Amino acid sequence: MNQNLFTSFNIPVILGIPLAVLIIMFPTMLIIPPKNLINNRLSSIQQWLVKLTLKQMMTSHTPKGRTWSLMLLSLITFIALNNILGLTPYAFTPTTQLSMNLGMAIPLWAATVLMGLRFKTKSSLAHFLPQGTPIPLIPMLIIIETISLVIQPVALAVRLTANITAGHLLMHLLGDTALTLMSIYLSSSTITIIIIILLITLELGVALIQAYVFTLLVGLYLHDNS
Amino acid sequence: MLFRVVLSAAATAAPSLKNAAFLGPGVLQATRTFHTGQPHLAPVPPLPEYGGKVRHGLIPEEFFQYLYPKTGVTGPYVLGTGLILYALSKEIYVITGETITGLEVIGLYIFGVKKFGPSVAAFADKLNEQKLAQLEEAKQASIKQIQDAVDTEKAQQALVQKRHYLFDVQRNNIALALEVAYRERLHKVYKEVKNRLDYHISVQNMMRRKEQEHMINWVEKHVVQSLSAQQEKETIAKCIADLKLLAKKAQAQPVM
């Protein structure tokens with residue numbers, strides 16, 4: 001079934017139809033909009049989580065930045081759900097594809113930069129020069145700041161891709177190792193299995209944290225430029 | 001619309017039906033029947049409180065009940081085992097590294113659900129309960145407010161019954177004040193009248209005194225005027241002679 005290590009990162013295809021869009025749309029089926037005042041447990045917990053995340057993320061923003069609440073909240077929910085669902089066996093994780101992450105990162109980052117340049121031109125350009133720099137360093141520092149600005153979307157996308165891909169790869173590798181070791185040396189296979197358990201726990205954490213970091217950084221760029 | 005076309009065609013075909021063409025649309029609407037079936041939107045049937053019963057978290061109970069008449073209690077389990085063994089032995093399902101990872105993920109998930117399930121469920125129930133409690137509290141506060149208003153109203157009504165004491169006291173006060181004012185004014189009137197009368201009396205007294213003095217002065221003046229010098233001399237000589245006589249009499253008397 002798996003010719004090489006990376007076949008699990010191929011987009012699943014049924015009868016020649018790539019299923020990427022369906023897989024990306026699947027997490028929305030798990031979020032049920034609350035219908036009544038008192039819902040079932042799942043809806044209540046989702047509601048509570050959404051409120052918690054929203055309060056945590058958006059209180060430090062200006063009112064203009066808070067117009068992004070829906071965007072950022074749906075972003076963190078989307079990334080977190082995709083990452084967590086990717087941990088199930090034989091699942092395809094859309095966030096391992098650099099194309100998707102770049103498609104998320106570049107528009108969001110560009111939106112914050114353009115917003116800053118349009119509404120607060122002086123202040124957003126002033127971010128290029130930190131306070132208190134010695135005068136001879138200024139030209140070099142501006143170049144460095146520009147590069148660090150341009151690299152932000154790439155960093156966002158590549159960070160998410162690399163983390164999730166690396167975690168999945170490790171899990172596959174360790175699984176293969178455990179399988180191979182079972183016929184050779186059973187006890188080290190048991191140890192590997194225990195390691196995999198720990199790794200899955202880590203992956204769970206990484207999944208959530210990466211979503212959080214992505215959204216947080218976009219929020220940060222927003223805060224700078226709103 | 002087609003009905004009208006049909007009607008007009010029928011009218012041209014049979015002239016006796018021409019009058020019926022005017023009734024065409026009305027007839028169409030009148031013959032359409034509304035609200036004949038059972039209303040199926042209301043009342044809404046009550047939603048079930050709990051979901052369907054599931055065995056092992058995955059397989060609905062109805063499946064076991066469905067197989068029970070034919071295969072008894074162990075039927076579905078034998079079926080499941082058979083399917084799994086068939087898939088494994090025919091390599092329909094290949095055991096790879098993914099199998100081990102998958103088994104561990106599922107094992108971890110079941111462990112998590114078994115361990116944290118009840119507490120998460122209790123938390124969710126608590127969230128709902130808090131919402132209900134808030135509303136209930138609002139309702140109770142509203143009821144209490146209205147009850148307080150009713151009690152206040154009752155107390156006010158009871159007070160109203162006792163208002164006549166207040167009115168009596170006020171009436172007495174006012175009567176007293178009126179009496180005092182009346183007496184005060186009476187006294188003032190009396191004083192004023194007495195004042196005027198005293199004035200008249202004193203005027204009269206003064207007039208009489210003045211007349212008396214005037215008369216006395218007049219009499220004295222005229223008497224003094226009438227006294228001539230001769231008469232004055234004679235009077236004085238007579239007085240001296242009288243005085244001498246008196247002196248003699250006075251000298252004579254103490255000797256006695």
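Buried area is the accessible area that two parts lose on being put together, summed over both. In this predicted model, the area buried between chain A and chain B is about 2300 Å², and carbon and sulfur atoms give 70% of that area. The contact draws on 24 residues from chain A and on 24 residues from chain B. On the side of chain A, Ile38(A), Arg41(A) and Tyr90(A) together supply 24% of the area that this chain buries against chain B, which is more than any other three residues supply.

Polar and charged pairs also link the two chains. Ten residue pairs, both members at pLDDT 80 or more, are in polar contact between chain A and chain B, and the count of salt bridges between these chains is one. In a salt bridge, the side chain of Arg41(A) meets that of Asp125(B), with a distance of 2.9 Å from N to O. The elements of chain A that give two or more residues to the side touching chain B are α2 (41–58), α7 (138–184) and α8 (186–225), and among these α7(A) gives the most, with seven residues. By class, this side of chain A has 15 nonpolar, seven polar and two charged residues.

Glu104(B) is buried and yet has no salt bridge, the nearest side chain of opposite charge being that of Lys115(B), 17 Å away. Leaving aside residues up to four places away in sequence, Glu104(B) touches Ile193(A), Ile196(A), Ile197(A) and Ile200(A).

Key:
Residues are numbered from 1 along each chain as its sequence is written. Chains are lettered from A and ligands numbered from 1 in the order in which they are written. Side-chain values use heavy atoms; hydrogens and water are left out. Buried means under 20% relative accessible area, exposed over 50%, partly exposed in between (1.4 Å probe, protein chains only). Lys and Arg count as positive and Asp and Glu as negative; His and the chain ends are not counted. A salt bridge is a side-chain nitrogen of Lys or Arg within 4 Å of a carboxyl oxygen of Asp or Glu. Contact means heavy atoms within 4.5 Å. Buried area is the accessible area (1.4 Å probe) that two parts lose on being put together, summed over both. A polar contact is a pair of N or O atoms within 3.5 Å; within protein, one must be able to donate a hydrogen and the other to accept it, and residues adjacent in sequence count only if both atoms are side-chain atoms. Helices (H or I, at least four residues) and strands (E, at least two) are DSSP runs, numbered from the N terminus. Ala, Val, Leu, Ile, Met, Phe, Trp, Tyr, Cys and Pro count as nonpolar, Asp, Glu, Lys and Arg as charged, and the others, Gly among them, as polar.
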